[in-house]
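Subject: Structure handover

Hello,

Here is the structure I promised to pass on. Please open it first, then read the notes below.

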Amino acid sequence: MVVGFRWLKRSWLRPCHRPRRLPASLSLSRAGTALFVLAAFSCAWQHAIAQPFRLPTANRFLFDQGAEDKFFAATPGKTWTTGCFGCVRSDGGQMHEGLDIRSMQRDRHGEPTDPVMATADGTVAYVNARPSLSNYGNYVVLRHVIEGVEVYSLYAHLHSVRAGLKAGEAVRTGEVIGVMGRTANTRQGIAKDRAHVHFELNLFLNERFDAWHRKTFPGQRNDHGAWNGQNLAGVDPRAIFLAERNQGAAFSFLSFLRGQTDLCRVLVRQTDFPWLRRYPALIRRNPVAEREGVAGYEIALNFNGVPFAATPRAASEIRGRARFQLLSVNEAEYRRNPCRKLVRSRGGRWELANNGLRLLDLLTY
Ligand SMILES: [Zn+2]
């Protein structure tokens, strides 16, 4: 498959970028027609696979080295890195799960007017048009399927959502879904000079989130059903945009996901939970479990708690009886990105911290 694609890329994909004139002697014979159909098909395929995500606004300073402060909206008094994805808030102690992309366009009152666009073809999953109910303010979630993997983009703090946009509706890459704003239900709000769209790319943890939330936080409100931020596990959109740009046609979102650095590996004594059915492309093979039967799954989590690989394990490969068993911790990764506090070291021994246990409970609920 890969070999075939590489070969295609070198030969037939070239007409994508620069149409070449046919030699006069070559009329549109049957072979010629087939050639053109193939070239056109692989052209569409290349674009579908190679650059699945597009920036959600006209701000393209992400790609200009040294101009990052024109792309990222920093938190007050801090550097542009506080607008990035990762352990960038509260001096590294707090996670920011998206990119804060600066406004480029304002009205005469200084309010942002940038159109916000769908990052990829997809369908509307959720619209929150009641800004007082979320620190995201008005926000939209879109569902995409990239290389067979479900990914959810999120656009927050919108001034307004495009009229009539509702769940289930199809959207195309670059289609305007709303206008940038400063909505949020936080006390301090977002100042004019920091106007931005908060943009995320997420995997979805569990369609039974609402029931899990009721069980886990009795009496607490959940206004957004499964579209609560806790149920969406973000990957770094900046890393994706830069990889797309650097790798061109070779970029693969699936490889990007599979290539995440693990913070820890956990053995889960369960053989059926929603994530396994939703992300079959992230399940690894294990001949022992295939032969003897599956008794559990070894899950790899990145520092933000994204489950990015699951390996079936046979009973003969499992020691201990705990529901969640911490198998390994990548200490270097923990030192780099500790802010989600999924694991902790106690007296020199690593264990799952409350955040890690809660995440696994949701994942397998
Ligand atoms: Zn943000």
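Start with R278, which is partly exposed because 16 other C-beta atoms lie within 10 Å. The cut-offs are these: a residue is buried with 20 or more other C-beta atoms within 10 Å of its own, exposed with 12 or fewer, and partly exposed in between, with C-beta atoms placed from the backbone. R278 is found in helix α7, residues 274–278. Helices (H or I, at least four residues) and strands (E, at least two) are DSSP runs, numbered from the N terminus. Leaving aside neighbours within four places in sequence, R278 is in contact with E150 and F204. Contact means that the C-beta atoms of two residues, placed from the backbone, lie within 7 Å. R278 and E150 are 128 residues apart in sequence, yet their C-alpha atoms are 7.6 Å apart in space.

Two notes on the source. This is a predicted model, in which local features need pLDDT of at least 70, side-chain atom pairs count only at pLDDT 80 or more, and totals for chains, interfaces and linings use all residues. Residues are numbered from 1 along each chain as its sequence is written.

Confidence

pLDDT is the predictor's confidence in each residue, from 0 to 100. The protein has a mean pLDDT of 89, and 86% of its residues reach 70 or more. Two stretches stay under 50. One is residues 1–29, where the model has 17 contacts beyond four places in sequence. The other is residues 39–48, with 11 such contacts.

Strand β7 and its partners

Strand β7 covers residues 149–161. Of its 13 residues, 10 are buried, so the strand is largely enclosed by the rest of the structure. Which strands pair with β7? Strands count as paired if DSSP finds at least two bridges between them.

- β6 (residues 138–146) pairs with β7 in the antiparallel sense over 8 bridges. Here V140 has Y155 in β7 as its bridge partner.
- β10 (residues 196–204) pairs with β7 in the antiparallel sense over 5 bridges. S153 has L201 in β10 as its bridge partner.
- β9 (residues 176–180) pairs with β7 in the antiparallel sense over 3 bridges. V161 stands opposite G178 in β9.

β6 and β7 form a hairpin with 2 residues between them. E147 is in that loop. Its phi is near 50 degrees, a positive value in a residue other than glycine. Most residues other than glycine have a negative phi. E147 is partly exposed because 15 other C-beta atoms lie within 10 Å.

K341 also has a phi near 50 degrees, again positive in a residue other than glycine. K341 sits in the loop between α9 (331–336) and β16 (343–346). K341 is partly exposed, with 13 other C-beta atoms within 10 Å.

The core

A nonpolar core is a set of buried Ala, Val, Leu, Ile, Met, Phe, Trp, Tyr and Cys residues joined through C-beta atoms within 7 Å. The largest one has 79 residues, and V140 and Y155 touch the most other members. β7 gives the largest share of this core, 7 residues. Domain 2 (61–247) and domain 3 (260–363) both give residues to the core, so it lies between them. Those domain bounds come from an automatic or database domain assignment. Not counting residues up to four places away in sequence, V140 touches V124, V127, Y155, L158, V161, L165, I177 and G178.

In α10 (residues 354–363), the buried residues are G356, L359, L360, L362 and L363. Seen down the axis of α10, they fall within an arc of 160 degrees, so they line one face of the helix. The arc is that of the directions from the helix axis to the C-beta atoms.

In α4 (residues 209–216), F209, W212 and H213 are buried. Their arc, seen down the axis of α4, is within 100 degrees, so they too line one face of the helix. A211, R214 and K215 are exposed on the other side of α4. What do the buried residues of α4 pack against? They pack against α10.

N222 lies in the loop between α4 and β11 (232–235). Beyond four places in sequence, N222 is in contact with D210, H213 and N228. N222 and D210 are 12 residues apart along the chain, with 7.4 Å between their C-alpha atoms.

Best wishes
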